[in-house]
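Please read the following report alongside the sequence and the coordinates. It treats the chain contact, the helix packing and a sheet in turn.

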Amino acid sequence: MIQTRLAWLVVLLLWALPLSESARAAESGPPSYFAWKAENFAIEEPLGGMVGDPVRGRAIAADQMRGNCLACHQLPFVEEKFHGNLGPPLAGIASRQQVGMIRLHVVDQSRFNPETVMPGFYRPAQQLNRVEKKLEGKTFLSAQDIEDVVAWLATLK
Amino acid sequence: MNKQCRICCLSLVSLTVVFPVRAELVKSGYEYLTPEMQAMQDDDFGNPGMIVVDQGAALFIQPDGEGKSCGSCHGEDGSKLDTKQLARYPVYNEQLKQPLTLRQRIILCRNTLLNVPALEYADQEALQLEAFVRHLAHGETVDVDVSGPLAPYYRAGETLFRSRYGQVDIACHQCHDYHAGKNFRGQVLTQGQTNGLPAYRFTEGQVAGTHERFTQCLSKLRAEPYAPGSDEYVNLEVYMNARSNGLKIETPAIRY
């Protein structure tokens, strides 16, 4: 009796396994790209109408695998060492720039400086050259990530 | 001083500002290291890259089935190799009608003259031999002649150097021509000169040759790398080595 039950369990598991995998794939599939428009060196509308979370944004800025803003910018992060200096310091950025301009800086800095070394964190994927196979068609940060970072930068007054 | 003379003087001054002497512009990655790291590179016992050079030295005199080795022709310690010629690589090979990098030259030599299993470009043994042979030319001045048949390969390499790559979407020259000396987090960006390659990198914890280094760079840009020994990498090496003309070979160098 126990053996039959175990056998059924195995069958059930084998059946459920590929199903759950495909469900996960559908969830994490290629994220949709939200078109944006820059006017007067600013993107006024949040990407995809999303609401940013400054706490998440701060974490993304320090995360080496995501924003990694510290690699090039000095930030008001006392707990982190070795801030880069390829870009300008960002403390007080929100008293110097409007949020829409900050958003365009993060989305595509080349709109300000064609020779910039700042990654285009939300540059259209079709503009990119020889992207690593597993990242093809994806932006550096998601629209939600961008809005989080912008919301955090807007607190730096 | 009349007006024409003044204009002439002014334009001369501005010319020297816009086009400074090239030799002053080219700086080895060594100059961007901390004094401690420089001391480490200069000490053969402290330099981790010397391990790979030693491995290459052992391979150089390892006899094949018939008792022949690289050392049979070039001297046990490689002393019969012309170090000035080593500093000229990549060179154009008239028979093959293509450029040859130093590593390609070594592989070609071994695979045709020795009775050993064929070496591939990406093999660790190929890197070790290259490190040993290039170390023989330590202190020699890089001298790649791109005025002759290498010219089209040099130009193709320069195009690659100035092309944006990957999800990060940056070209090599944007960091290494414009931002050398600045801090990228804990690293100091250098001009990306190749005079120290193969070199030991702290961030990777291993010795990398020129093509391995290209792959590391492209991976950082989240780009699909080319294959070691591919035409693209060979062209890029022609350009990069010629870009380092005038610098002293430091193999094995230490870099961030």
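How many residues of chain B are in contact with chain A, and with how many residues of chain A?

## Basis and chain contact

This is a predicted model, in which local features need pLDDT of at least 70 and side-chain atom pairs count only at pLDDT 80 or more, while totals for chains, interfaces and linings use all residues. Residues are numbered from 1 along each chain as its sequence is written, and chains are lettered from A and ligands numbered from 1 in the order in which they are written.

In chain B, 19 residues are in contact with 20 residues of chain A, contact meaning that C-beta atoms, placed from the backbone, lie within 7 Å. On the side of chain B that touches chain A, two or more residues each come from β3 (164-165), α10 (172-176) and β5 (183-184) of chain B; helices (H or I, at least four residues) and strands (E, at least two) are DSSP runs, numbered from the N terminus. That side of chain B divides into six nonpolar, seven polar and six charged residues, where Ala, Val, Leu, Ile, Met, Phe, Trp, Tyr, Cys and Pro count as nonpolar, Asp, Glu, Lys and Arg as charged, and the others, Gly among them, as polar.

## Crossing helices

In chain B, helix α9 (residues 151-161) packs against helix α12 (residues 231-243) at an angle of about 95°, with the axes 7 Å apart; axes are lines fitted to C-alpha atoms, for helices over the stretch in contact, and angles run from 0 to 180 degrees between N-to-C directions. The helices α9(B) and α12(B) are therefore roughly perpendicular, a term for angles of 65 to 115 degrees. Their contact has ten nonpolar, two polar and two charged residues.

In chain A, the axes of helix α2 (residues 54-62) and helix α5 (residues 143-153) come within 7 Å and cross at roughly 100°. The residues in this contact include Ile60(A) of α2(A) and Trp152(A) of α5(A), and by class there are six nonpolar, one polar and four charged.

## Helix α11 and a sheet of chain B

Among the buried residues of helix α11 (residues 210-220) of chain B are His211(B), Phe214(B) and Leu218(B), buried meaning that 20 or more other C-beta atoms, placed from the backbone, lie within 10 Å of the residue's own. The cover over the buried residues of α11(B) includes β3, β8 (206-208) and α12 of chain B.

Strand β8 of chain B also belongs to an open, mixed sheet of three strands in the order β8-β7-β9, in which strands pair if DSSP finds at least two bridges between them. Strands β7 (residues 199-201) and β9 of chain B run parallel and are joined by three bridges, and Arg201(B) stands opposite Arg255(B) in β9(B).

Terms used: Angles under 35 degrees count as roughly parallel, over 145 as roughly antiparallel, 65 to 115 as roughly perpendicular and the rest as oblique. Two residues are in contact if their C-beta atoms, placed from the backbone, lie within 7 Å. A residue is buried if 20 or more other C-beta atoms lie within 10 Å of its own, exposed if 12 or fewer, and partly exposed in between; C-beta atoms are placed from the backbone.
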